[in-house]
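Open the model in your viewer and keep the selection panel handy.

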Amino acid sequence: MSERIFRIILGAILLMALYFDLRPVIYGFIIVIVFEGITNWRVPLLVSRLQGAPSGVNSDCALSPGDRARINFEAERALRLAVAAFLIISYVVFSQELWFFPWFIGFALFGAGLSGICPMVMGFRWLGFR
Amino acid sequence: MIIPPIAASPDSSIQSSLSTKISVIVFWGMILVGMLAAFAVLNGREAEIKNAYVTNGNSLVFELSEFINSRKNFSWEEVEGKATELMHQHQFAGISLFAEGKKLVLGQQGGDLVSFERTFTYRPVNPQKIPFSVLVAVYHPTLKDSLIKERKQVLVAIGITMLAFGLFLHWILQRVLTRPFQHMVRTAKSITHGEMALRFEQTRTDEFGFLSRFINKALDFVTLKQQELQDALKKVRESEASLMAEKTRIEVTLHSIGDAVITTDAAGLLQYLNPMAEKLTGKQLDEVRGFPVKDVLQLIDEDQRRPVESSVEACLRNGMVVGSVEHVLLVRPDGSEVDVVSTAAPIRGKDGLLIGVVLVLHDVSRARKMAKQLSYQASHDDLTGLFNRREFERHLGKAVSEAESGRIGHSLCYMDLDQFKIVNDTCGHIAGDELLRQFAAILREMIRDTDTVARLGGDEFGILFERCDIEVAKQIAEKLLNRVRQFRFVWEDFAFDVGVSIGLVSISSSEQSVTDIMSAADVACYSAKEAGRNRVSVYRLDDSEPNQRHGEMRWVSRLGRALDENRFCLYCQKIAPVAEPISGAPHYELLIRLLDEEGKLIPPLAFIPAAERYNLMTSIDRWVVRKAFETIAQNASITRGWLFSINLSGQSLSEDNFLKFVIDAFDKTGILPSQICFEITETTAMLNLTRATQFIAVLKGMGCRFSLDDFGTGLSSFGYLKALKVDFLKIDGSFVRNIVSDSVNRAVVEAANQIGHAMGIQTVAEFVENDEILQLLRDIGVDFAQGYGVAKPQPMEELFYGINQEIGRKSAKG
């Protein structure tokens, strides 16, 4: 499984959970991506390993060939933590004021999966994450 | 055109690709636009929802009251239908009506729904009927739930729409922009990787098609140019290889050739030295590269020792090939000098401009040394180191030219060693050579620095006394004579008193030529010899004897012509036995005569001395032998058993090929060697003793016989006589002629006869002019007589003719 597909799945789950007001699902979603972000046991990696594929998963979100990682932290992990943080802030803490932000995250993840381009991962890589 | 397959994945080297950018722009643009659109839509919808909350209940109640009041009769069925219609129209979840104690409930009620209640009065049209109140309650969700529901619906709708639109837009852009662009990129990459035959797809009619056609044309042009470039490069490489080979060849050639090759630039600064040039100049290329060539090559004139301009400078100035002047020396750093000949040639570029000079230096030291040596050898005598005859005559010619002006007088001294032949024959050539060397040393010490001394021939020397009149020259010659008289040549056990005959001639007249002067000096020398040798004789115009010598010289040309024109003839004079003059086998001495241009007979005494003196005797002897042998051979039938004596000169005996000539003549003519007797004079035999001994030995071996002529007149040596092995001893006529009246001559003849007989040699008396002499010779016991008293000489042809005639007559009688 690639990160791209995983992003589609994440986006779709989040959107469906928001639409049907499945709060436990959203909380579970937050927990899962926080767990991924902290442990780097990312679902695409685990699935790929189980399938016997190479450990490296292409995120399709690399920058120019000249870029070099300066921070020893995966951009995908950073993405997960950032998404979890945004969801916690917008869905748990300020749900009345930032009701739209979880929807934005859902559509962004889904769009990133569909397009194969994740601006946040690209941004993290631009900042120096792996 | 070959279209490359499209790779499944984009090029990894182009990560921030156009596709990415388009995706980012499209999707995130869509998301942002969707979000904005959702906000805008929601804003309006929420206001509508809020407004509907306020108005929808009243509107429904009002419309329902209007409907009911418009009916004549209140009918619950009609009310239910209308209420249901209005409930759906105003999107209420439920509705309930209460009138006249009866309640109508439609849709949902309770739960999270909230109600809006209102009452109106029904006023029947029929006044008889009583109006009554109708309570209407409508049920709908809370405002919050409505808003949330609306938000979800709007967001999902706009999100799905935007995503769909984004996908569609992405597909469109992918089709019209990204895909052809990536296709072009892949094609470009393939071309970059060397697939030069690939071309961009140019079937499209949009900008990509235009760009593809443009790039394809550019690629075609580039390919063409590349091909041309490759061809040109190939040619350049071939040319380079050729140039490299040529360069290598030239370098090897330059390294191998024996000449020094130096190149300079247009400023005359040295650029290249080949190894020979390094060796010749004594400088290494690295030391002198960039230096002016005139600083590297120090050229000086051999004679004046002054610096000479290098050919390079002249070549740079004139732009033409310049050869150096002769006798130029190259001075090397160690001071040694090398004879060189240089040639400088301009090097021109394509535009014809002078770009440098190539200088070739040829080491001519050996050649010049050899030339000097040759020049020395050409002008000097190897044996004595003195000038040779040619150089002496050149000096003499110069002196004669100076004398023509009349201001300067010179003298010429001509010398002939008197005893040289005796030394040569007695002690050998080595001794003779040593004598000549010692004599040359004496000459050197006796002459002045300004004088020129030369060896003119075998034992002949000459001295040119420059700026010296004849009297002074005579004094010097006298001193020289005295010095030579004191000189005694010693060789092993032999000691010889050496004499020299000196002829002097003055060079003062402008009418004299070198030949005349040499001839005059020779004549004077000969006069000195004739006068008893070992003296000085000065040539004077009124001297009769020298004039006679001059006459002899004129004979040279006459004899040459006579030989060419075959104007000699042979006479023969009988040599008869003294005891019985008319008996025995005929024996004739062949005598030569010369017919002058007018047919007049000239006796041998008139030309033989000249012929002997000017080395013509060999030619004459050859003529005699050839003619005699031919005549004898032609008359072989009558000459069988006859003996013919032929005189040979000393020159013929000395000549290497004469013996072979005689043998060949025997072979050609077929005459018997026993028919020939060669006569050699005593002096000739003694002066050429070795050669004469060899000559006699060879021909005697063949059967020839030999006579020793003029016995008693020369330097008689019985030892020589014993060595010569002759058959006849011819007593000189000067003793025989007066034998009757002169007892001394008679004693000489008797002694000679006795010696000859004692040695087993038959004797012949010459000049027997009468019977009285013949009788006396008979008394003495001489074997043969020759002379007018026996028989006069007669032409050889005439002799044979007479004999043939007589034979013919006898044959006719017989």
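Start by selecting residues 617–634 and 658–669 of chain B, helices α17 and α20; helices here are DSSP runs of H or I with at least four residues, numbered from the N terminus.

Now show the side chains. On α17(B), the residues making the contact include V625(B), F629(B) and A633(B), and on α20(B) they include F658(B), F661(B) and F666(B); contact means heavy atoms within 4.5 Å. The residues of this contact divide into eight nonpolar, two polar and four charged. Nonpolar covers Ala, Val, Leu, Ile, Met, Phe, Trp, Tyr, Cys and Pro, charged covers Asp, Glu, Lys and Arg, and the others, Gly among them, are polar.

A note on what you are viewing: this is a predicted model, in which local features need pLDDT of at least 70 and side-chain atom pairs count only at pLDDT 80 or more, while totals for chains, interfaces and linings use all residues. Residues are numbered from 1 along each chain as its sequence is written, chains are lettered from A and ligands numbered from 1 in the order in which they are written, and side-chain values use heavy atoms, with hydrogens and water left out.

Next, select residues 420–427 and 429–446 of chain B. Here the axes of α11 and α12 come within 6 Å and cross at roughly 145°. F420(B), V423(B), N424(B) and C427(B) meet residues of α12(B), including L435(B) and L436(B).

Then colour by chain. Where do chain B and chain A meet in a salt bridge? Look at K152(B) and D21(A), with N to O at 2.8 Å; a salt bridge is a side-chain nitrogen of Lys or Arg within 4 Å of a carboxyl oxygen of Asp or Glu. Around the interface, 22 residues of chain B contact 23 residues of chain A.

Finish in chain A with α4 (75–93) and α6 (119–127), whose axes come within 9 Å and cross at roughly 120°. F86(A) is among the α4(A) residues that meet α6(A), where F124(A) is one of the partners.

Definitions and conventions. Axes are lines fitted to C-alpha atoms, for helices over the stretch in contact, and angles run from 0 to 180 degrees between N-to-C directions. Helices (H or I, at least four residues) and strands (E, at least two) are DSSP runs, numbered from the N terminus.
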